[in-house]
Amino acid sequence: MILRVVSLNKKYQHIDGEVDALKDVNFDVNQGDFVTITGSSGSGKTTLLLTLAGLIKSTSGIILFKDFRIDKATDGQLSAFRKNNVGFVMQSFALIPYLTAIENVMLPLAIFNRPKAQKYNAALELLQLVGLDNRKNHLPKELSAGQQQRVAIARALVNNPSLILADEPTGNLDPSLSADILNLLKKINREKKVTMLMVTHSPAAAEFGNTRIHLQNGRIDNIFSKEIKMNLEAVIN
Ligand SMILES: Nc1ncnc2c1ncn2[C@@H]1O[C@H](COP(=O)(O)OP(=O)(O)O)[C@@H](O)[C@H]1O
Ligand SMILES: [Mg+2]
């Protein structure tokens with residue numbers, strides 16, 4: 001088990017009144033799971049991802065990453081946790097416009113004290129993984145939307161995270177590009193054993209999950225989970 005969520009609640013205080021964004025949310029995630037989270041707009045999907053990342057404070061409940069209590073951690077502990085364990089992929093790609101593809105991928109490594117060549121090579125290897133090493137010196141505006149999202153995915157992987165949190169990563173892409181990105185995330189999930197938590201609007205994208213969570217008004221109203229079949233041959237070889 002990599003992530004455990006127990007009785008998680010989140011209330012936002014707002015001048016127009018309190019918002020119950022998450023209500024008694026419970027689920028477990030195993031290492032290597034691909035978890036998809038669906039629900040209509042306002043159902044609490046983004047709040048759930050941000051709370052799991054420790055970017056917003058929960059109101060009550062427990063969030064465990066391995067044996068680390070995210071819900072009780074200090075800001076310093078949370079930034080160390082994110083730096084070492086988490087990669088983010090957003091709907092809007094969030095690339096820095098004046099940096100090239102490879103510079104964008106290297107960006108999260110700025111806080112690590114490592115030789116520049118090592119950072120460059122790590123970023124280049126990931127651009128190869130997402131099929132964009134021949135675009136490494138392009139600026140975001142010189143890339144298509146699908147390519148920009150591939151760069152963002154490479155960037156999310158560069159700190160070697162065990163967990164990727166993706167908020168509607170295909171929300172700004174047309175259907176065929178969406179399928180490419182989903183297949184890429186699945187490949188990363190399988191080959192690099194990265195645990196994926198992906199929020200999506202699309203029922204077809206939700207099918208990529210071996211665990212599928214549906215939120216309604218901040219509550220889980222449906223959870224589907226199937227064990228990942230271990231490929232024994234792959235384990236033996
Ligand atoms: N910072 C905030 N302050 C107050 N209410 C918020 C805030 N962020 C989100 N909400 C409310 O919390 C609910 C869940 O929002 P969100 O998690 O963004 O939903 P989703 O990602 O599923 O569309 C919504 O009703 C939204 O209006
Ligand atoms: Mg959202």
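Student: Which element gives the most to the shell around ligand 1?

Tutor: That is α1, which gives the most with 3 residues; helices here are DSSP runs of H or I with at least four residues, and strands are runs of E with at least two, numbered from the N terminus. This is a predicted model, in which local features need pLDDT of at least 70 and side-chain atom pairs count only at pLDDT 80 or more, while totals for chains, interfaces and linings use all residues. Residues are numbered from 1 along each chain as its sequence is written, and side-chain values use heavy atoms, without hydrogens and water.

Student: And which residues are around ligand 1?

Tutor: Among them are Tyr12, His14, Gly42, Lys45 and Thr46, where being near requires a heavy atom within 4 Å.

Student: How far is the side chain of Lys45 from an oxygen atom of ligand 1?

Tutor: An N or O atom in the Lys45 side chain is 2.8 Å from a ligand oxygen, and for the side chain of Thr46 the distance is 2.9 Å. A backbone N or O atom of Gly42 lies 2.7 Å from an oxygen atom of ligand 1.

Student: Switching to the sheet, what is the order of its strands?

Tutor: The open sheet of 6 strands runs β6-β7-β8-β3-β9-β10, with mixed pairing, and two strands pair if DSSP finds at least two bridges between them. The edge strands, each pairing on one side only, are β6 (86-90) and β10 (219-225).

Student: How many bridges join β3 to β9?

Tutor: There are 4, and these two strands run parallel; Ile37 has Ile213 in β9 as its bridge partner.

Note on methods: Chains lettered and ligands numbered in written order. Polar contact = N/O pair within 3.5 Å; in protein donor to acceptor, adjacent residues only side chain to side chain.
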